[in-house]
Amino acid sequence: VRKHQGTGIVHLAVPGLGGLTPAEEYRVNMQGLLNVLEAGRMFGVRRVTVASSITVYAGLSRGPFEEGATLPMESRNSTEGYKKAWEILALLYGAQTGLDVQMLRLGGIYGPLYHSMANLASRLTHAAVRSRPLDLAAGRGGVPFDDDDNDWCYVKDCAEGIRRAYTAESLPHPIYNIGGGVGASNHELVDAVRAVAPQFEAKLQPGRNPRARQNNFMDLARTKAEIGYAPEYDVRRGIADYASWLKANPE
């Protein structure tokens, strides 16, 4: 197969959360991955870049999370399970066929065109800008704690990280973290939203969840050194930009 050096595939597609039966979810995830890999092989693309997730680190007791960490076999949700499986199987497929396969572990993405409202940053910003009711108790795990943190990645940083990894001539590793690289607390999220919507109210539980992990963010040392990625948006700048976009693009 002749290599098409100017072309490639970035695989970002996943089924909607909770929208399929377990059997359908399995079929869509695994057949979809195979279809993408086979298309890359058949057309001789230069690289297939596949979106993995920070969720693969969910079974680790503390961060910062490095790409070389040993991950447990057990998974607590579909995203964790399928992303770990994708990494193993896609990299095996690449080794067997000679296809250049790259896995990117993406942080908690928020920003324009994020629709599922599954993460707290998006729910807070939408509620403040669009004056919508905010039921924090309805989220996974109930009302969030003030001091719990997460690795938030504004969508523009995410896109730049993917671009840099995808266009790199050659890379010494098959897996890279793309995220914020710091742990931003839920309290910081609320403060960032209040900076653009001063009347906004969001009451979180005080303190820290006893089950929360220390340093709940990804280590970006490999990514910075090998693809030159560094995030430009902290949560305050990211939420301000997101809020501006929401105001300019009413539903």
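Start by selecting Leu124. Leaving aside residues up to four places away in sequence, Leu124 touches Leu134, Leu136, Leu189, Val190, Val193, Phe200 and Ala202 (contact means heavy atoms within 4.5 Å). Before you click on, know that this is a predicted model: local features need pLDDT of at least 70, side-chain atom pairs count only at pLDDT 80 or more, and totals for chains, interfaces and linings use all residues. Residues are numbered from 1 along each chain as its sequence is written, and side-chain values use heavy atoms, with hydrogens and water left out.

Together with Leu124, they have the most contacts inside the largest nonpolar core, a group of 23 residues. A nonpolar core is a set of buried Ala, Val, Leu, Ile, Met, Phe, Trp, Tyr and Cys residues joined through side-chain atoms within 4.5 Å; buried means under 20% relative accessible area, exposed over 50% and partly exposed in between, with a 1.4 Å probe and protein chains only. Helix α3 (120–130) gives the most to this core, five residues. Helices (H or I, at least four residues) and strands (E, at least two) are DSSP runs, numbered from the N terminus.

Apart from that core lies another one, of 15 residues, including Tyr93, Val101, Met103 and Ile175.

How do their rings form a pair? Tyr110 and Trp152 are edge-to-face, 6.2 Å centre to centre with 85° between the planes. (Rings of Phe, Tyr and Trp, using its six-membered ring, pair if their centres lie within 6.5 Å; planes under 30 degrees apart count as stacked, over 60 as edge-to-face and the rest as tilted.) Tyr110 sits in strand β4 and Trp152 in strand β6, 42 residues apart. Tyr110 counts as buried because its relative accessible area is 1%, and Trp152 does too, at 7%.

For a contrast in geometry, select Tyr57 and Phe65. This aromatic pair is stacked, with 5.1 Å centre to centre and 10° between the planes, and both Tyr57 and Phe65 are buried.

Last stop: helix α2, residues 78–97. Among its buried residues are Trp86, Ala90 and Tyr93.

How values were computed:
The expected span of a helix is 1.5 Å times one less than its number of residues.
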